[in-house]
Amino acid sequence: MKVPGAWYLALAAALFCIGAVGLLVRRNVLVMFMCVELMLNAVNLTFVTFARMLDDIGGQTAVFFVLVVAAAEVVVGLGIIVSIFRRRAGATADDISFLKG
Amino acid sequence: MLEAVWLIPALPLTGFLVLLVAGKRLGDPRAGFLATAMMGAAFLTAVIVFFGLMGREGEERVFTQTLFTWINSGSFHVDVAFLVDPLSITMALFVTGVGTLIHLYAVGYMHGDEKFPKFFVYLNLFAFSMLMLVMSNNFLLTFLGWEGVGACSYFLISFWFDRPTAASAGKKAFITNRIGDFGFMVAMFLIFGTVGTLDYVPALAALGNAPEYTASAIGLLLFLGAAGKSAQLPLYVWLPDAMEGPTPVSALIHAATMVTAGVFLMVRINPVLGAAPEVATFIAWVGVLTALFAATIACAQDDIKKVLAYSTISQLGYMFLAVGSGAYAAAIFHMVTHAFFKALLFLGAGSVIHGMHDEQDMKRMGGLRKWMPVTSATFIVGWLAIAGVPPFSGFWSKDDILLNAFDKSPALWAVGLLTALLTAYYMTRQVILVFYGPEKWKTAARPETPAEAHAEPEHEPVAAGAHSDGGSHDPAAAHGAHGDFKPHESPRIMTIPLVILAVLAALGGLLNLPFGGTPLEHWLEPVFGHNLRQVASSGGAKLVLATLAFVTAVLGGMVAATIYRRHRIAEEKVEPRILQRAWLVDELYQKTIAHPGRALSQWLASVFDAKVIDGAVNGVASLVRAGGSRLRVVQSGFVRSYALAVAVGAVAILAFALVRSL
């Protein structure tokens, strides 16, 4: 049985929404970070889906770029989070507002 | 021979540069002789070029020498080039000729002045600029010379800048000329916009066929420039004040050459005036009214140089009358004879001032005929020439102008004739006050300034014989305490130019004698072509007009003699205060232009600058500050609110894209 492309897209949309809502409602920095990853991968899924549907290698190429950038971003992001944990206990996003104007 | 034309302006330029570098080392009087030699050489070159041009036939007497490209920008192309034609070579001849004589005179007059070399630096720079003005082949190069002579005029009026009056007179001349220069510049823009070139030959040929409104606009704007430079109503006010300069400057720049630049420009653009007949009529009226207006003022002045200054304005008015009447040859004729006799009169006045130890008030002179025989004899020749007594030169040129004016409009002629009456009157008055009558300098109380007396050292005579103290030009300091001084004749270096000019003033009429085939008019004719007015009057009418002019001149002289020699009428009655104060025009300008201008500037400085200019600067700053303090609220520091903003933004963009695609 061949799964229709629309299903993949629906799954990707669902994942994206979960990620977006999670980013907006959760306060834990680590969880927010995971939500960002979720959104990124939702987008990756749409890229791959379209690549298959349209028979175009471009979409899959884009995914590689996203993965690489996401990996780099994870390194930086986790580094920041670790340094925050060093300075204070717990990681609530709303407590970290040094850049308030 | 024509190829030598570049030397004519180059020689005074060389003199200027040499004197600029080595003037102090050359000193007094060698710097003066060098400058004079340069002018003399330029004159000889002009004579050679003149004969070269004579060697050609009528219409072929045009020669252009291009030295180098000055400006080349797109379609705008200007060369440094000289146009040799009968008009420019006539101008060059009399500028260098009269210039040489005045340079020579100045060597004697300026002897002993601290800034002697600098004076000749300016004088040579002036000659260079003036020659560029007349010889250039395009409007822009003429404008360069135009500005050059203006700057030199400013330097030389303010030559004794430690006198406040001289400094302010220089500024007045400069600022008044700016108004005219503005007209000249706008006219150049208009010419380039209309015909796409500033070279005289193609531009004037094209402008001769231009629509009348274009030609009128160009003619009026250039006339504004000419009115500033040539001291016509309403921009004449700087010229009387310019008499603060040394007398040779008054003679060279403010009588013989620079002030005629405006007339030259008008004559040069004769095809434009031909295409705009109403502008020509306007110019004729401005000219003749200036002539009358200035002549009335000259009747009541006491300063020997002021009389001549107003007389110059008046005679320039005649030249513009000629230009407006289409009598371009007559304008040039009068320009040349006027250069002779007015330079003579100014230099004679300088000699009188010199001999009277810096006295300029005619009411404190008198009887100088006995003391200064050469000066008085030559001055009297100048007087007869300007008054219009045949056979002296002024009669022929003035008669030529009046004849053409009559042909254009009898009203113009009538005003011109009235001016001729006044001219004879005020010049006779001057001659009587200075050279005849009682020796008033013996009795008249002189302002005593004992503290400054003997401040001037005595100088060695510059030429053989006579005593000279031309350097002491401060009237108060010079000989104020000498109660019983005697006037003396000037040194030979000053009287020789006077004699030469007197001969020229007497015989200058030969240039264009009406029954001698009018050689000057014939010579200049190729420049004007059909734009030159051809007088239709018969020989009899011409004779009547000439006789009338002569009778008028004699009448004016006799009236003056009745008043000032026989004292039939009290002098005070014919010299009302309003004329002495020049119709209060300076006061009028002060009230209507200077005061509102000052008030406006005050307002701009105290209100506009403080409130609007500073307000704009400060306003921008406080606007940014206020905007920043509002916007900082958005920068909450909460990551999730930023994320929300991003989400909302993304949704908004998507929604917009959707709506657009529907």
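How close do the axes of helix α2 and helix α19 of chain B come, and at what angle do they cross? In this predicted model, local features need pLDDT of at least 70, side-chain atom pairs count only at pLDDT 80 or more, and totals for chains, interfaces and linings use all residues. Residues are numbered from 1 along each chain as its sequence is written, and chains are lettered from A and ligands numbered from 1 in the order in which they are written.

The axes of α2(B) (residues 86-109) and α19(B) (residues 492-507) come within 7 Å and cross at roughly 155°. The two helices are therefore roughly antiparallel (over 145 degrees between N-to-C directions). Their crossing is left-handed, the near helix being turned anticlockwise from the far one by less than a right angle. On α2(B), the contact residues include B:Leu101, B:Ile102 and B:Tyr105. On α19(B), B:Ile493, B:Met494 and B:Pro497 are among them. Contact requires C-beta atoms, placed from the backbone, within 7 Å. By class, eleven of the residues are nonpolar, one is polar and none is charged.

B:Trp396 lies in helix α16 of chain B (residues 393-408). B:Trp396 is buried, with 27 other C-beta atoms within 10 Å (the cut-off is 20 or more). Leaving aside neighbours within four places in sequence, B:Trp396 contacts B:Gly509, B:Asn512 and B:Leu513. B:Leu513 is 117 residues from B:Trp396 in sequence, yet 6.9 Å away in space, C-alpha to C-alpha.

Between the chains, the contact takes ten residues from chain A and ten from chain B. The chain A side divides into six nonpolar, two polar and two charged residues.

Terms used:
Axes fitted to C-alpha atoms, helices over the stretch in contact; angles between N-to-C directions. Helix = DSSP H or I, 4+ residues; strand = E, 2+ residues; numbered from the N terminus. Parallel < 35°, antiparallel > 145°, perpendicular 65-115°, else oblique. Contact = placed C-beta atoms within 7 Å. Nonpolar A, V, L, I, M, F, W, Y, C, P; charged D, E, K, R; others polar. Buried ≥ 20, exposed ≤ 12 C-beta atoms within 10 Å, placed from the backbone.
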